[in-house]
Amino acid sequence: GADLSLYCQLLGDDALILSQRLIEWCTRAPELEEEVALANLGLDLLGQARLLLTRAGQADGTGRTEDDFAYWRAEHEFHNVRLVEAENGDFGYSIARLLVFATARRALYLRLADTRAELDAVLTSVAVRGAKELAYHQEYAAAWTVRLGDGTPYSAQRMQAGLDAVWPLLDELFTAHEVELRLGVDPAELRAGVLEELAAVIAEATLVVPGAAPMARVGGRAGREGVHTEALGPLLAELQCVAREHPGATW
Amino acid sequence: GADLSLYCQLLGDDALILSQRLIEWCTRAPELEEEVALANLGLDLLGQARLLLTRAGQADGTGRTEDDFAYWRAEHEFHNVRLVEAENGDFGYSIARLLVFATARRALYLRLADTRAELDAVLTSVAVRGAKELAYHQEYAAAWTVRLGDGTPYSAQRMQAGLDAVWPLLDELFTAHEVELRLGVDPAELRAGVLEELAAVIAEATLVVPGAAPMARVGGRAGREGVHTEALGPLLAELQCVAREHPGATW
Amino acid sequence: SAPAEHFDAVIAAEQRIEPRDWMPDAYRATLVRQIAQHAHSEIIGMQPEGNWLSRAPSLRRKAILLAKAQDEAGHGLYLYAAAETLGVDRAELTEKLISGRQKYSSIFNYPTLTFADVGVIGWLVDGAAICNQVPLCRCSYGPYARAMVRVCKEESFHQRQGYELLMTLMRGTEAQRRMVQDAVDRWWWPSLMMFGPPDGDSPNTAQSMAWRIKRHTNDELRQRFVDMTVPQAEHLGVTLPDPALRWNEQRDSWDFGEPDWSELQQVIKGQGPCNAQRIDRRRAAHEDGAWVREAATAYADKSKGQSSE
Amino acid sequence: SAPAEHFDAVIAAEQRIEPRDWMPDAYRATLVRQIAQHAHSEIIGMQPEGNWLSRAPSLRRKAILLAKAQDEAGHGLYLYAAAETLGVDRAELTEKLISGRQKYSSIFNYPTLTFADVGVIGWLVDGAAICNQVPLCRCSYGPYARAMVRVCKEESFHQRQGYELLMTLMRGTEAQRRMVQDAVDRWWWPSLMMFGPPDGDSPNTAQSMAWRIKRHTNDELRQRFVDMTVPQAEHLGVTLPDPALRWNEQRDSWDFGEPDWSELQQVIKGQGPCNAQRIDRRRAAHEDGAWVREAATAYADKSKGQSSE
């Protein structure tokens, strides 16, 4: 139904937009091994996005394809959290965001993968596979958080700055959109567990869990409701420009 | 006729694309006075572009508007030289480009403003006004070239690096497109005078005239022939994205 | 004392205090803070609209927007110059801005999400600024008052341009009209909050009014703005997102609802959607430009040395 | 001497030289230069196609392109590892690349201007690379030969994907077909130049062939590429931009025109359309990442210290 479709868009948009940000690291990573790893992470998220958006178009009966969702929606029709659209910043910021996202999304997928409370068989299978992929993302981000946090004084400072800058965007991951409440998958229930996992990594990295308050919403609305930051517009313009230059073309 | 239209596009595209690059300095300039000045330069060039592109649409009888040219052509239909599309780089690079462009374009406008050899009355009037505006651009860029070149050792190094990086793109300004030859306005005739003016500024800045050879063309083609660098595509995607999202809309 | 009496007399006579006149320390400090905040707002205020400069959907709109950005940088220059007459310098104020020790108007901590936001900022945000600023043209401090005359003239031009853009969009496609309504929905309440907290929570108002810096209370100005704006919204054909909005015959004014002061508090405390981004951009421009300013200084020093030889 | 005899015998027997074997200094230097240049080409070669990653017009094509970029980074890794068996290290080679002391394939100094370029690079550039590289799978130096086996397998996969993209575009809209033809026009001659100068101007070929590093001359490989590609172009429906191209019954091969070697010389000398940009990007990545690599080293040293305590 429409609810399932919208829920798949929420999750699919998160994966699509973060994958687009990871792609920007390509040819800019600090080491060749990181080129390979970041491309790999981007590919995993892109794969999840494709499955979720395809499912969204089936579930609501519109038959929209993954490309219809990715290339032909306007900015306010994207439902991703603001966390994933923020510009990459430095490697420390990107790692901090990845750590937060992978930890939270894996927790969510693990819950969705529980077939006893199955919403949708397709979604369950995406979640099962996605949780495995995200376990690697989480490990990768945690390993770098620790290396940077417990590396040089300079790297510790940048890693801490990355965490501090990401932290205000954490809240939105645990703030239920109405469709999540209707489907009985309130992400607020994941908050405590995710924060605990994050705190453990940050402690190992000899850093401090940031105390920053959540970023304000705009008249109560934020990414899930289509009210984004100024970072999303240019990202979408780039993502969509070729497809839109050739309406109706097949690639 | 078609030749006049194309010639107006050559000049109009140069002005439009450089104006778009100058706009990127807005809120990023080193000092508030520079915010005002760079916006002013951008406005002048944008104004020239609008007049020239409007004239292009009249001259070939298609009735295309300035916005048809700016927003609805594909990259290979833009005729600007590669010089104006390069990314801004630092302030030194932007000043070096501005110096080169303003000096060359003013020389060209002064020649077009000579009514004894009038191609087109509208073009003449654009050139008369444009030459005055570019005199200020040239002065502004020359003053900064001297300040940076004869400022600190660091600024001298960056200003020299800016000139060195811009120099390979100089040649295209003096390489005639076939339409220029047909209209009898071969820019090659301006080369010696422009280089002399540039050399005088560079000497005053206590810097060295770069010896860099021209940037290679691609199978003989370059910006004027619609073969650009990788910098133009993203610039156009940004420039055109809103207009193209709303085909047929009026703003 | 004689200077203090002179100061009081000038204020009472509705004349202007000038830079060389004696003034109370608190008067000076209040003005420095207010003028600096105002100057910072002009400079930071370039960012939300500047966000659309590269994407403006017609060359005419691009030129209008670029001219506006240029005006705002100019306003910043006048206002910093006015602040400098009080014995501070621009570099010091810039440092305070980028280190977060001085504020700018919180309205600029909201994002601009469509090109319609450009129009709505012109209409509502510049409109609210004008309500705040017109009385400042009669401010007791001469340099500030004179700067405001110039600023207000240009602001009202910007406001008319913003409204004209919105009129064009409302006559346009369904998508354009939707953009306008959405932008109004997002900017209406923040605009009302530009007038500051309710009078009961604004302890400095009385002193500022006594000094003839301020002429009206926050709530008076807010009401004036609402009364001015509601008919414009009707003419435009947009709905203001306030179910409590209704005409009050007795007051001969519009009643309106209470803004979400808790959201404003978040934004003031630095947690708005764009606080970090705005300051980061300004800081980056300042830091990236340091070598350029140093070079200019070094060159000026050399030239001075040569000319005095 | 015994080791030299062993070396000659291994070469003559078409067997493999391994890292611990004795080898002539010139053999080692030739291999280091060639493998490093090859590795650099993989890494720099990520840029022209990487330019379209964010703009790929379908998610499927985006995934294919991203997987290809990942493969290229992987090829760079194998090849640097092969070079390291000869006693150099990757950091040193990277320094040589970004300071311009070592080259990479000049083909990557041309810009990618449309999404069709992605397909044409797969078809022509990867195709030419495969012609060059397949014989290297039998190269006399073991680690290089083994790396090439892996690389060639993936390259031919990329080539097929490129060709498939072009087939799709040629079946598409008029604009898509135009894009393909335009990309072919721009990439054809640079692809032919990938095989290096004509045999008469390639003084090192003979020695490389004697050492069984190289198996065929530049002109032999170029001819093989042309013969392979012309029928593919016909099948695709594009025109190769060479009026001299015609079937030669006697040679049982295609005759073709002379590339513009002066343009190639410009590009080799550093004046290509993208030379500065490619090196700048690689240098920026290296410099921006320095603090990350330092942190990783510092952390590894600490961990080692702790585990040995």
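Thr145(B) is buried, since its relative accessible area is 0%; here buried means under 20% relative accessible area, exposed over 50%, and partly exposed in between, with a 1.4 Å probe and protein chains only. The residue belongs to helix 6 of chain B, where helices (H or I, at least four residues) and strands (E, at least two) are DSSP runs numbered from the N terminus. Leaving out residues up to four places away in sequence, Thr145(B) touches Ile95(B), Leu99(B), Met159(B), Val201(B) and Ala205(B), contact being heavy atoms within 4.5 Å. A polar atom of the Thr145(B) side chain lies 2.7 Å from the backbone oxygen of Ala141(B).

This is a predicted model, in which local features need pLDDT of at least 70 and side-chain atom pairs count only at pLDDT 80 or more, while totals for chains, interfaces and linings use all residues. Residues are numbered from 1 along each chain as its sequence is written, chains are lettered from A and ligands numbered from 1 in the order in which they are written, and side-chain values use heavy atoms, with hydrogens and water left out.

## Aromatic pairs

A pair of aromatic rings is described by the distance of the centres and the angle of the planes. In this report, rings of Phe, Tyr and Trp (its six-membered ring) pair if their centres lie within 6.5 Å; planes under 30 degrees apart count as stacked, over 60 as edge-to-face and the rest as tilted. Over all chains, a search of the whole structure finds 28 aromatic pairs.

Phe91(B) and Trp144(B) are both buried.

The pair in chain D likewise links distant parts of its chain: Phe7(D) lies in helix 1 (residues 2-12) and Trp22(D) in the loop between helix 1 and helix 2 (25-44), 15 residues apart. Phe7(D) counts as buried because its relative accessibility is 2%, whereas Trp22(D), at 41%, counts as partly exposed. In chain C, ring pairs link Phe7(C), Trp22(C), Tyr27(C) and Trp211(C) into a cluster.

## A buried glutamine in chain D

Gln102(D) lies in the loop between helix 5 (90-98) and helix 6 (115-133) of chain D. With a relative accessible area of 13%, Gln102(D) is buried. Apart from neighbours within four places in sequence, Gln102(D) is in contact with Ala36(D), His40(D), Leu93(D), Lys96(D) and Leu97(D). The side chains of Gln102(D) and His40(D) are joined by a polar contact of 2.7 Å. A polar contact is a pair of N or O atoms within 3.5 Å; within protein, one must be able to donate a hydrogen and the other to accept it, and residues adjacent in sequence count only if both atoms are side-chain atoms. Gln102(D) and His40(D) are 62 residues apart along the chain, and their C-alpha atoms are separated by 8.4 Å.

## The interface of chains B and C

The size of an interface is often given as the accessible area lost when the parts come together. Chain B and chain C bury about 4100 Å² between them, with 70% of it on carbon and sulfur atoms; this is the accessible area (1.4 Å probe) that two parts lose on being put together, summed over both. Thr27(B), Leu32(B) and Trp251(B) lose the most area in chain B, together 20% of what that side buries. In terms of contacts, 46 residues of chain B meet 45 residues of chain C.

The rule finds 3 salt bridges across this interface, a salt bridge being a side-chain nitrogen of Lys or Arg within 4 Å of a carboxyl oxygen of Asp or Glu. Glu31(B) forms a salt bridge with Arg90(C), the closest N and O atoms being 2.9 Å apart. Helix 2 of chain B gives the most to the side that touches chain C, with 10 residues.

## The interface of chains D and A

Here 45 residues of chain D are in contact with 46 residues of chain A, and the buried area is about 4100 Å², of which carbon and sulfur atoms give 70%. Lys302(D) forms a salt bridge with Asp150(A), with the closest N and O atoms 3.0 Å apart. Helix 4 of chain D gives the most to the side that touches chain A, with 14 residues.
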